[in-house]
Amino acid sequence: MIKAINLHLEAWKWTLNSISKGKFLVYFIPGLIASLFFASLYTLTREIETALGFVKYVPLIGEYIYSAVSGTFGLIYFIFLQIYMFTVLTLLSPFNTLLSEAVDTEITSRTYSFSIAQVIKDFLRMIFIVFLALVMEFFFMIAWWIISWIFGLGILDSLMYFLISAFFFGFAFYDYSLERSKKGVIDSLGFSFSKLPVMILSGTGFLLIYYIPFVGVMLAPVLTTIVSSYIYTTQYSEQQ
């Protein structure tokens, strides 16, 4: 764990130093566009919810109707969040792949040719990776829930759910580098489980940044891609 922490401190130092010099800034643009789009949808639904606030004043049943309306919009906000997460990890994956290659080139001077066929291949792979990660994440969460229920460990539930999510987000972001190293999905999973602290710390960074109001959704994917690509390129690419 100490080594993983030191790796991330070094990676974050390199990342922030690079960005301060104007490098990789263009890769924030797709996330910014996606963020503005989803922010507009969120604002619209909030305005609609506010406009429907009058229903609470309907005699006898107003509070019940308003409670139902609020619950419905709560579900809508949750769906928006999930769609945005999916967008970040799939629809924006071609940009994150190019960013990961750019980080590799910056460190090693290796260059990568652009290919539409490869972009499509990477995109389809990332859809599968995200789907696999979600299935496995839910499996481990259910497994922990059962263990927690049996042994009365409910006090640890929030922490464990966070760590499980962090691991699989880390796995998804390292897959940009693993795919570049021509590693199959099984090999990528094997690598991720063998580097558990690294995956969790990278995923934790993503989640902590993601939940920063207004700017987190734009910053988190780019910063996490740079950090994970730096760590993989400097520490593991020659070992694979």
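You are looking at a predicted model, where local features need pLDDT of at least 70 and side-chain atom pairs pLDDT 80 or more, while totals for chains, interfaces and linings use all residues. Residues are numbered from 1 along each chain as its sequence is written, and side-chain values use heavy atoms, leaving out hydrogens and water.

Now switch to cartoon. Of the 240 residues, 44% are buried, meaning under 20% relative accessible area with a 1.4 Å probe and protein chains only.

Next, select residues 93-108, helix α4. Its 16 residues reach 22 Å from first C-alpha to last, close to the 22 Å expected (1.5 Å times one less than the number of residues). Colour the buried positions of α4, among them Ser 93, Asn 96, Leu 99 and Val 103. Step on to Ser 109, which follows α4 and has a positive phi near 70 degrees.

Finally, select Leu 134, Phe 138, Ile 142, Trp 145, Ile 146, Ile 147, Trp 149, Ile 150 and Phe 151: together they form a nonpolar surface patch with about 1,000 Å² of accessible area. Patch residues have over 30% relative accessible area and no salt bridge, with nonpolar side chains (Val, Leu, Ile, Met, Phe, Trp, Tyr) joined within 5 Å and like charges within 9 Å; a salt bridge puts a Lys or Arg side-chain nitrogen within 4 Å of an Asp or Glu carboxyl oxygen. Phe 138 sits in helix α5, residues 116-151.

Note on methods: Accessible areas come from the Shrake-Rupley method with a 1.4 Å probe; for residues, only the protein chains shown count as cover. Helices (H or I, at least four residues) and strands (E, at least two) are DSSP runs, numbered from the N terminus. Buried means under 20% relative accessible area, exposed over 50%, partly exposed in between (1.4 Å probe, protein chains only).
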